[in-house]
Amino acid sequence: MRTAALFTLASSLSTAALAGPATDPPDAPITHIGLVAPSIVGVTFRCGKVEYGVQTPYAAQPGDRVDTGKDLWVFRGGKFLGALVGRDRKLIWLPDRLVGEPFCADWASPASYRVAVGRSAVDAPVAVYRKSKAADLARTGPWEFRSPTEDVIYLRLPRPVPPGEAISISCGGSRPWRRSLTLDPARTRSEAVHVTQIGFRPDDPAKPAFLSCWMGDGGPLAYDPAPAFRVVADAGGKTALSGRARLGKAASEKDEDAYGNNHNLADVYEMDLSGLKTPGRYRVVVEGIGCSHPFVVAPDVWRKAFIVSARGFYHQRSGIALGPPYTTFRRPRAFHPADGLRVTESSTGIMDTGNGLANEGSNFGNLVKGATDRPVANAWGGTMDAGDWDRRIQHLDASRLLLELVDQFPATFGALGLNIPESGKGLPDAAAEALFNVDFYRRLQTPDGGIRGGIESEEHPRQGEASWQESLRVYAYAPCVWSSYLYAGVAARAARVVAPHKPDLAKAYRESALRAMAWGERELPSRADKKDPHAVRDARNLAAAEMFRLTGEARWHDLFLRTTAFVRPDAELNVWQDHDQSDAAWVYLRTDRPGVRADIRANCRAALLREADQRVAQGKRTAFHWTGNPYRPFNWGLFSAPDGVTLARAHALTADPRYLRALALACQPGAGANPSNLCYTTGVGLRSPEHPLHIDSRITRQPPPPGLTVGGPKDVVRDKDGWEHKLLAPVTVPPPARWPNAEAYFDVFWYPSMCEFTIHSPMAQNAYSWGYLAARK
């Protein structure tokens, strides 16, 4: 949308020499014009829009054909009509429609343009470049998709545009347009300037901004010499800070991971704003180019961001209705037995499925093979994922981390409200949100103590159905040792954290944890010949650590010592295909019980600090300071959410400012300081994902609820043969596999590994990192 913040219309520019209509025609959907270099203008178009399909009563007619597969496609007269919805099949989902005109090829042609700067002669651009991508995907048939687009045209001019000078751009061809404006770097935003949209705390140890631009088929921009910058007050424009950008990472440096990659494909320049400590609202102005989005410096920026992120879990609650006064997002109660949903038992535990630890080649095959007709009572609640309605034991990672924050910072989180139904009822809101999830698995606990791994439908959702309309068969996993150990550890933590607030509730969690642990210990010998993955041993080790911290009993300490990797001084927190005992190491370091072994604690500490040091080093190698295991591929959550848990724990352990600095820097890409100038958590900042894979908002035609952290950009070369690229290729310039990974986020709903999210990753890590930054002293 054009606003004064984007550009200012010139009132006195002579346009007599320019061809084309005198007023803006409606067929030029320009959303932004700004410089990306002194002599390069970027013009952004948004072409087309998806009108999402609606549900309407289905009146069958003679001759209607209904497919009998998972999706209940309806054809009438040989043409696709829609998909039946719900258990009674009385509704039909009608397909999406793409409306509006597509991008006009003439807008990418150098021959179409004439540009006048001030009163100078009219010139043709020296070159015109294009960068286009899908801005959404309309499902217009069973396997037919059409895309609106976001297109950026870069006009390389013969000479730089003087600051504050008027400019007129005329485009001829079949759909002509003209714009006249003033490009004032202090007020005109540049897509090349990247800074947080969350803001900075005055005492944040790092406050970076970045300058970079990849121009699609025009390749990368280099800024030589590196330009000067200043930080100005958003109101009034008074300069608060000034300096010069420096080259932080050249495109030729291919060392951002262990595979020799540079994920930016452009030089990335960094601007140091660390001297900015006075609260206020600011913009970064890069001389001769343009400015950033506004951002704030305030004591509560991370607190506000954490609240949005933590409320994302509330927005994913199953078994309750969502709506006022707790949220503006409205959704009927989903997956509750009182509404007719029937959940039956599978004889398969989650660890023996593709949704758990088994490499079965299918997410649902073993689950369905174990189907029974035995009903499972009281199977409701928990937090569900995005493109599915599942609640899996892995989601307890989020509860564990929320409880850790409450435990570590009781005053901060005791006073922090999330506006949830449990607010003001005796527990810190962050703990109450964690327990809503824990209670789901406690309800599923069997009489002999075993914990079911959650609830799963027989397949991914049927097209056109929302969560409260599920018509597929729904199963509860059988209890298994892995899910029982994972639950026992979190329930033990819950008992300890809740005890000061509600002793009776703490007792219930304690007893439930003990029963789950006892069931796991009884059941484990029966799997001696199964060659279970190390995740089972790790879950058992973590549960033993939590039980020892809760009870102080020697039997749990002995079990921890028998199963820990940290008997060796050189043991790492996480070793591929051997162990991942990061959480257990942290629990043992925090345990103050008689008998704690100093040598094991020293080994845990050394391992944690080694990993934190590696994360610090990795963050220094990456242009935008994201961090993680350097051997981890650039995919799911690596860029959109900070890999910050170890850094936060290292800082809590040592108070070493290096770790806090690395954590603050690692949070910047997900907060909007990235090539797309996009926050990767819905509802945060000025721009966030519009089309995450959130089915309920799509079906109800609502904006996605706040707090959903998506998978984000990923390695597009690894995905080059995927079906998603085939959907995107017709409108993507250059082709998807040629995009920089750091900019390769396609906000289209139908790209699950980018647009989806899960409770345990990246949402949990994101909330924890922002919560730590909010609470730290």
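**Exercise 1.** Which side chains meet in a salt bridge at 3.7 Å, N to O?

*Solution.* Start with the rule: a side-chain nitrogen of Lys or Arg lies within 4 Å of a carboxyl oxygen of Asp or Glu. Arg130 and Asp151 meet in such a bridge, at 3.7 Å. Arg130 lies in strand E11 (residues 127-134) and Asp151 in strand E14 (residues 149-156), so the pair ties together parts 21 residues apart in sequence. Strands (E, at least two residues) and helices (H or I, at least four) are DSSP runs, numbered from the N terminus. Both residues are buried, meaning under 20% relative accessible area with a 1.4 Å probe, protein chains only.

**Basis.** This is a predicted model: local features need pLDDT of at least 70, side-chain atom pairs count only at pLDDT 80 or more, and totals for chains, interfaces and linings use all residues. Residues are numbered from 1 along each chain as its sequence is written, and side-chain values use heavy atoms, without hydrogens and water.

**Exercise 2.** Find what the pair Arg493 and Glu404 ties together.

*Solution.* Their side chains meet in a salt bridge at 3.3 Å, N to O. Arg493 is in helix H6 and Glu404 in helix H3, so parts 89 residues apart in sequence are tied together. Both are buried. Now widen the view. A network of salt bridges links Asp397, Arg400, Glu404, Arg493, Glu546, Asp583 and Arg649.

**Exercise 3.** Is helix H17 (residues 763-775) largely enclosed or open?

*Solution.* Count first. Of its 13 residues, 12 are buried, so H17 is largely enclosed by the rest of the structure. Among the buried ones are Trp770 and Tyr772.

How values were computed. Buried < 20%, exposed > 50% of the residue type's maximum accessible area, 1.4 Å probe, protein only.
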